[in-house]
Amino acid sequence: MRFDYNSAGMSYVYRRRVLRAGLVSLAHFVIGGPPPTEARAESRRGIFDAHLHIPSDNGENFQWNLVTRNMTEFVAYLDKCGVRRGVISSSWSNKAQSPEDYRNGNNEVAKYVQKYKGRFRGSCVITPFRIEEALREIERCHKEFGYVWLGEFCNYMTGYSYRTPEWSQVMKLATELKLVIQVHTNVAEMQYLAEKFPETTLVFPHLGGTRDDIFTRIAIVAKHKNTHIELSGAGHERVGIIEMAVEKIGADRVLYGSDFTINEPAGVIARVKNAFLTAEDREKILSGNVQRLLAGAGSPCP
Ligand SMILES: [Zn+2]
């Protein structure tokens with residue numbers, strides 16, 4: 001920096017700079033200093049949640065005791081947690097009793113993607129009972145709404161199996177269209193899908209509830225390069241587990257997700273932030289990886 005002096009000592013310009021620097025220091029002292037470089041980079045790109053269930057217009061909401069009842073309250077809570085973007089799916093689709101139910105759910109997702117421009121990516125959810133209609137719905141969501149994400153699928157909610165010819169058709173279509181498919185599984189189902197569909201981009205939510213579960217699920221994802229682990233639900237709160245996932249799997253295949261409105265988004269973020277990871281790995285987990293998956297499926301983030 002070059003300062004202008006004149007014969008009378010400090011110039012007017014220099015005095016103003018000194019004064020401004022003093023005021024800035026005072027402000028930092030009063031309200032706290034500027035955020036560190038890592039925090040600045042993070043807020044610029046924004047934390048990206050790979051697992052969000054919106055409150056549905058039909059009243060379906062996975063939250064056990066409702067405190068965020070509608071989309072406005074849903075978004076306000078994400079703001080509170082520092083989640084800037086996310087992949088959203090509809091609870092109505094997960095609980096669908098008919099194709100009409102999941103079509104309504106997928107349509108409401110499109111409505112909110114449109115309303116909150118740039119904030120959310122839509123995801124298509126179907127149930128495989130009437131498979132021809134289900135496959136048509138996946139194609140419709142892809143073509144009409146530009147969705148490149150399927151799921152989270154939860155077979156226990158309406159009682160179907162992933163080990164059926166019908167589910168294989170869903171996996172096959174996801175692979176052909178190069179979509180990301182997020183599937184809630186137990187360990188056996190996870191093993192089955194990872195082995196049977198090596199060409200499919202799979203995201204498995206939840207590290208697991210028990211020590212055995214967690215270690216096995218991390219090992220399965222580590223072995224199958226097409227698969228990813230997503231940190232929502234259970235397992236992340238065990239100190240050291242996120243570090244282990246990154247060590248065994250690699251930071252590129254570990255994704256931040258919250259499972260909000262069921263679970264607390266900020267809980268997972270806190271553990272990722274405190275974990276013994278590099279700033280680069282943290283950035284990948286909190287936003288980079290999910291954006292890379294979306295881009296790979298044909299929907300890059302601006
Ligand atoms: Zn979920």
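This is a predicted model: local features need pLDDT of at least 70, side-chain atom pairs count only at pLDDT 80 or more; totals for chains, interfaces and linings use all residues.
Which residues of H8 are buried?

View 1. Residues are numbered from 1 along each chain as its sequence is written, and side-chain values use heavy atoms, with hydrogens and water left out. The buried residues of H8 are Trp 167, Ser 168, Val 170, Met 171, Leu 173 and Ala 174, where buried means under 20% relative accessible area with a 1.4 Å probe and protein chains only. Helix H8 covers residues 165-176 and reaches 16 Å from its first C-alpha to its last. Lys 178, which follows H8, has a positive phi near 60 degrees.

**View 2. The surroundings of helix H8.** The buried residues of H8 pack against helix H6 (131-145) and helix H9 (187-196), and also against strands E6 (149-154), E7 (180-184) and E8 (201-205).

View 3. The zinc ion is coordinated at 2.0 to 2.2 Å by His 51 (NE2), His 53 (NE2), Glu 152 (OE) and Asp 259 (OD). The four donor atoms subtend angles of 82 to 170 degrees, and the arrangement is therefore irregular.

View 4. Because His 51 lies in strand E3 (residues 47-54) and Asp 259 in the loop between strand E10 (254-255) and helix H12 (265-274), the pair ties together parts that are 208 residues apart in sequence. His 51 is buried, with a relative accessible area of 1%, and Asp 259 is buried as well, at 6%.

Terms used
Helices (H or I, at least four residues) and strands (E, at least two) are DSSP runs, numbered from the N terminus. The expected span of a helix is 1.5 Å times one less than its number of residues. Buried means under 20% relative accessible area, exposed over 50%, partly exposed in between (1.4 Å probe, protein chains only). Contact means heavy atoms within 4.5 Å. Donors are N, O and S atoms within 2.8 Å of the metal (3.2 Å for Na, K and Ca); water is not among the atoms, so sites may look incomplete. Four donors count as tetrahedral if all angles lie between 85 and 135 degrees; four count as square planar and six as octahedral if opposite donors are over 155 degrees apart and all others between 65 and 115; anything else is irregular.
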